[in-house]
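Please keep the sequence and the coordinates at hand while reading.

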Amino acid sequence: MRLCAWYLYGEKRRGYALNPVANFHLQNGATMWRLNWRADTSPRGVANSCGIMVNYRYFLNETSKNSARYLQNKVIAASDQVLGFVSQFQKASKL
């Protein structure tokens with residue numbers, strides 16, 4: 001879960017999320033909301049993402065602000081759960 005959070009939140013291409021689905025939702029003002037363990041246990045889901053899925057949440061009163069912050073400053077809006085996993089990953093990997 002920590003590695004997945006880091007991949008989605010921390011791995012970048014030209015400052016934007018490396019994952020194309022994450023990049024799409026973040027450009028549109030979503031918040032990276034929740035990681036779900038064993039959310040897709042199909043053979044394809046396990047092969048592609050170890051069964052982990054992410055939810056993006058759109059808070060309508062924040063989408064414009066989130067989109068602008070992401071596109072202009074490359075800041076990702078994320079929940080405490082996601083940020084907690086990112087922090088745990090950084091501590092464990094000494095990034």
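Leaving aside its neighbours within four places in sequence, which residues is Gln-81 in contact with? They are Trp-33, Arg-34 and Leu-35, where contact means heavy atoms within 4.5 Å. The C-alpha atoms of Gln-81 and Trp-33 are separated by 7.5 Å, although the two residues are 48 apart along the chain. Gln-81 has a relative accessible area of 30% and is therefore partly exposed, a class that lies between buried (under 20%) and exposed (over 50%), with a 1.4 Å probe and protein chains only.

The model is predicted, so that local features need pLDDT of at least 70 and side-chain atom pairs count only at pLDDT 80 or more, whereas totals for chains, interfaces and linings use all residues. Residues are numbered from 1 along each chain as its sequence is written, and side-chain values use heavy atoms, with hydrogens and water left out.

Gln-81 lies in helix H5, and H5 (residues 80-93) packs against helix H1 (residues 2-10) at an angle of about 105°, with the axes 8 Å apart. H1 and H5 are therefore roughly perpendicular, the term for angles of 65 to 115 degrees. On the H1 side the contact includes Leu-3 and Trp-6, and on the H5 side it includes Leu-83 and Phe-89.

The largest nonpolar core has 19 residues, and among those touching the most other members are Leu-8, Ala-22 and Tyr-56; such a core joins buried Ala, Val, Leu, Ile, Met, Phe, Trp, Tyr and Cys residues through side-chain atoms within 4.5 Å. H1, helix H2 (20-27), strand S3 (31-36) and H5 each give two or more residues to this core.

Key. Axes are lines fitted to C-alpha atoms, for helices over the stretch in contact, and angles run from 0 to 180 degrees between N-to-C directions. Helices (H or I, at least four residues) and strands (E, at least two) are DSSP runs, numbered from the N terminus. Angles under 35 degrees count as roughly parallel, over 145 as roughly antiparallel, 65 to 115 as roughly perpendicular and the rest as oblique.
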